[in-house]
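The structure is shown below.

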Amino acid sequence: MALTLSVDTARSSLSATAEQISVVSRNIARVGDPDATRKTGRLVSGPGAGVSVAGIDRSYNPLLLNSYLNSNSNYQSQTAITTALDQIQSTVDETDLERSPAALIAKLNSALQSYSATPQNPAVAATVVSAAKDLATALNSASATVTNVRRQADSDIAASVDNINNLLSQFKDLNNQVVKGASQGGDITDVLDSRDAVLKQLSSEVGIRTVTRDNGDMAIYTDSGVTLFDKSPRQVAFQQTQDLSGGATGGAVYADGVPIAGTDHVMAISSGKLAGLVQVRDEIAPSYQSQLDEIARGLIETFAETDQSATPTLPPAAGLFTYAGGPGVPPSGSVMAGLAGSITVNKNADPTQGGNAELVRDGGISNPGNPAYTYNTTGAASYTDRIQALMSNIDAERTFDSSTQLPPSGSISSYAKGSVSWLEALRQSASSEADYRKTVADRATSALSQVTGVNLDEEMTNLLDLERTFQASSRLINTVDSMLSTLLQAVG
Amino acid sequence: MITTSFISTTSLSDETRRSIARIQASLVDAQKELSTGRHADVGVTLGASTGITVSMRQDLNHIQSIQDTNNIVLTRMQASQSALQTIADKAGVFLSALVGAQSTSSMPDTIAQEAQAGMQTLQEQLNSSLDGQFLFSGINSDVKPMDDFFSGTPSASRQSVTGAFTAKFGMSPDDPAVASISASDMQDFLDNEFSDLFSDANWANNWSAASDKAVTNRISRTEVAATSTTANDTAFRKLTQAYAMVSGLGFTNLNAATQQAVVQKATTLVGEATGGLTKVQSFLGVTQQRVTDTNDQIDAQIDFLTKSIGNLESVDPTTVTTQISTLTTQLEAAYSLTNRLNNLSLMDYLTPSS
């Protein structure tokens, strides 16, 4: 009978509408969740038996999600680099503060110039020594800063690896639920959302690519193609290095037994925080460290004392600047790792350590007891030849290690200046690259959110529609009911 | 239920939040630039060119210190010049007394006194010091170059003169018997034994503690110049010799002919010394001029470098001010937009269904 059929249809509509309203309320509840996608009830019309909600769909766009994952990885790697560069930049600081090694070398030169005008004045000699101490201290602390940056990067790598392992095990649970839910035909939209959220977090740590299979199962590979997850999570392993001072190399990161970062390897990852941190630890910071080491070596060489005997037999000895391996002068033209950390002002010339600052004028700082290194043989108070020679040495051409990414020949002050240029050029390009990648990542975020996210107004209008449908269906039942009762009265 | 012009609620609010953050960050930078007059982050703005400003600052530092030391050096040279002038003036007075003694029979006492005064002036001036540095000691600037010739306990120089005289004539210069010394004997003594007292070795042993090596200074970035003159210069030696022969050889007691021989020898020496003094003065004068010129050049270089550093590191305050006002306007617009978007909700327009 048609009337009872109408009531059945209206009843199915009521239950379908109720279900849809529950979907709307789920959407509204998660309006502020950036990982939530918009859910819609899929309505099907049965053959003569009204409507029903066959399943819940979610607005999902794999292309936009992938572009989000890529741009996020790229942005995170660049952020790690700019953060580290900003820390390293503290060793140079603003140019007008004149605290960079380059500026302090110029100050030492000025102090020598003043001393050459009043060589009989021990107080002025002490200012030369104190300018030299400033320079040595600046190099020590710059070297410590660089080591700190590397140590920080190393422990950040460890934290990142832990996070990756953690996310992969979360991913495993969610992926299992998806596969199970898909085979049983249940509502898996929320689980899918959570799984995507884990992917987003994972993309911050390491660049990834995903492959989805028919049953909803997903496999994750690094951007270099190493398996991170396929049915089960693969172990990502990393051993932290305790002492990274003076050019020591850090450990490599392995995924599934394959090195993905920290060594030269074809499978090396190219994006994600992990890639950025490894680049800081293994390339940027060590390059800067070796430049600092070369500045230190150049200084020791510049101020070295030679045998002044008529027939020189003794090797040059470290003068005003010395180091842990003194008094021999480090071999010319090649980096001595960690030298910037151990360079000091020779205590024989340091009045605060019982030394004699006037040895700067007279020579013999390396060994005051050995007359061979004394330049001022007559002990004249206004002897300036040694001071003049030191100033000429500062301007003199010398050879630096060619592996430090700076011109291998030039004066010590131009080399130190070159190091500032190198660092700031790197910062400039890193900072504009980071700006660019941030814009791209922002775009990708909003593109993804625009397409897959929830709009409150839209949900409200949907709610109005559903309300009307509900009212209409109720009215229909009511109408059929009154028609039937009219019929029954007529019969009665 | 999906529409083409769809936008999610989170992306709507995210968008305004992001743009506000971006504008605020630029505003902080612009305000810093306005207050310091320099780029907010000079390193990032200049990149590789940062090295240029660092190097210009190095240069600036260097030439400023050269200018400072040049001023010290100049003061020292001026003091030396005035000492030299005093010596030259006194030598002039002595010379005219000597010339007078040759033509007229002036009092030998006067000439002897003149010689003593001249010797004292010479030694006093050669011993002049500045800031604890003896001007005429060369690099031995902590040592007084001259011992007092007339001091109570006879100095080494006085002893050497007396000794040579006694060895030659068998009597002390104070002995009245010196009147018997003939002019030719005196001439011989002055030319040989006495003159030998002022040889390089004897001068260094008995007279002067100065070093032959003059003080040198870097007066420009590349130029190192001798900026002092030492008491060992021949001009001073000849002048000392002339003074000593008149004041240390019992001049007043000599016979007239011998006196004339001494006067003539002294006249020659003072004449030569005066010429030498002029040379020393003009040598210092040339260096003084070079230092002054260098300082003028450095002034110009400082101007240039300061300006160039400014060009690289400074921002144009007008541009920054405009930038700030633009950013402020943008920020206000963004705020009011956020406010409106928040107020704009469909909920406010929905009436509860009856």
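How many residues line the largest pocket, and which of them lie nearest its centre? In this predicted model, the lining of the largest pocket is made up of 32 residues. Nearest the centre are A:Ser431 and A:Asp435 from chain A, with B:Ala25, B:Ser26 and B:Asp29 from chain B. Two or more lining residues come from each of these elements: helix H2 (62–89) and helix H10 (412–452) of chain A, and helix H1 (9–36) and helix H2 (42–46) of chain B. The largest share, 11 residues, belongs to H1(B). By class, the lining of this pocket holds 15 charged, nine polar and eight nonpolar residues.

The second largest pocket has a volume of about 320 Å³. Its centre is closest to A:Asp457, B:Thr9, B:Leu12, B:Leu341 and B:Leu344, among 14 lining residues. Helix H11 (456–491) of chain A gives two or more residues to this lining, as do H1 and helix H10 (317–343) of chain B. H1(B) supplies the largest share here, with four residues. The classes in the lining of the second largest pocket are six nonpolar, seven polar and one charged.

| Pocket | Volume | Lining residues from H1(B) |
|---|---|---|
| Largest pocket | about 930 Å³ | 11 residues |
| Second largest pocket | about 320 Å³ | four residues |

Is B:Asn232 buried or exposed? B:Asn232 counts as buried because its relative accessibility is 9%, and the cut-off for buried is under 20%. This residue is located in the loop that runs between strand S4 (224–226) and helix H8 (234–247) of chain B. Its side chain makes a polar contact of 2.6 Å with the side chain of B:Asp212. Another polar contact, of 3.1 Å, links the side chains of B:Asn232 and B:Trp203. Leaving aside residues up to four places away in sequence, B:Asn232 touches B:Trp203, B:Ser208, B:Ala210, B:Ser211, B:Asp212 and B:Arg237.

The last topic is the contact between the chains. Chain A contributes 59 residues to the contact and chain B contributes 56 residues. Between them the two chains bury about 4,900 Å², and 50% of that area is on carbon and sulfur atoms. On the chain A side, A:Thr95, A:Gln113 and A:Gln450 account for 12% of the area that chain A buries against chain B, more than any other three residues.

Notes:
Residues numbered from 1 in each chain as written. Chains lettered and ligands numbered in written order. Predicted model: local features only at pLDDT ≥ 70, side-chain atom pairs only at ≥ 80, totals over all residues. Heavy atoms only, no water. 1 Å grid on protein atoms, 1.4 Å probe; cavity = no way out; pocket = protein on both sides within 12 Å on 5 of 7 lines; lining within 4 Å. Points joined across faces, edges and corners; volume = space filled by probe spheres on them. Nonpolar A, V, L, I, M, F, W, Y, C, P; charged D, E, K, R; others polar. Buried < 20%, exposed > 50% of the residue type's maximum accessible area, 1.4 Å probe, protein only. Polar contact = N/O pair within 3.5 Å; in protein donor to acceptor, adjacent residues only side chain to side chain. Contact = heavy atoms within 4.5 Å. Buried area = accessible area lost by both parts, 1.4 Å probe.
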